[in-house]
Amino acid sequence: MIFGLRAADDKFTETLADWQTPGAGLLGRVFPDGQPFDWGMSPERLVELVAAKCDRVLAAGMVPFPSIKPNPAGLLAGKLDVHLDLLADYLATIGAYLTVWHEPEKPNKIPGVRNNPLEQAKLWARTYTYAYKRIKARAGDRVQVGPVHMEHHWAPGQKMTAGAVAEAWHIPSGMRDFAGLDLYANVGDPADRLGLASSTPYS
């Protein structure tokens, strides 16, 4: 999947079309308030914030596609299990896509790691995988879960994906229902600009 622009008006938007699987229809990107979240937020409040944005997408006739940002330390310690369970229950009732820490390659984005691209990739992968297993066990195929990477960090020479770091971002096929790429470009850019998608860990 490649996301990031609407061809109709040549402007960035939270609405996206899946270019590679036309049968999926339109997905509405959902960026809930209150992110990142940890155990200080109640599970019910998390669902409330996600639902508030999903309702707008559903009203527009699109499939909601939220991005959540759970605190890695709390998640991996099991402190956010109820949050994930209630979120999975809600998303299963509406049918949705979900990603965890979209565009994780941004330097120092993931709490708990500073100035270490390899450790950031490893921590994100553990965080994503934990959430994937918990959500899928609860919601099954009603919720499609996968990573969404950031296109320009996969250009040659980018430190966040250089050498061994590139492989650390890889999520095995059994732990993702799709792989996405946020593309920051304008309609009409040369085709080789779009070719960066082939440099991700899923090429």
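A polar contact here is a pair of N or O atoms within 3.5 Å; within protein, one must be able to donate a hydrogen and the other to accept it, and residues adjacent in sequence count only if both atoms are side-chain atoms. I worked on a predicted model, in which local features need pLDDT of at least 70 and side-chain atom pairs count only at pLDDT 80 or more, while totals for chains, interfaces and linings use all residues. Residues are numbered from 1 along each chain as its sequence is written, and side-chain values use heavy atoms, with hydrogens and water left out.

Entry 1, glutamine 120. I found glutamine 120 in helix α4, residues 117-139 (helices are DSSP runs of H or I, at least four residues, and strands are runs of E, at least two, numbered from the N terminus). Its side chain reaches the backbone oxygen of proline 104 at 2.8 Å. Glutamine 120 is buried, at 1% relative accessible area (buried means under 20%, with a 1.4 Å probe and protein chains only). Beyond four places in sequence, its contacts (heavy atoms within 4.5 Å) include Lys106, Met160 and Trp169.

I looked up α3, residues 81-94, and its buried residues include Leu84, Leu87 and Leu91. Among the elements covering them are α1, β5 and α4. Glycine 95 follows α3 with a positive phi, near 75°.

Of its 43 residues, Leu91 and Trp124 touch the most other members. α4 gives the most to this core, nine residues.

Conventions: Buried means under 20% relative accessible area, exposed over 50%, partly exposed in between (1.4 Å probe, protein chains only). A nonpolar core is a set of buried Ala, Val, Leu, Ile, Met, Phe, Trp, Tyr and Cys residues joined through side-chain atoms within 4.5 Å.
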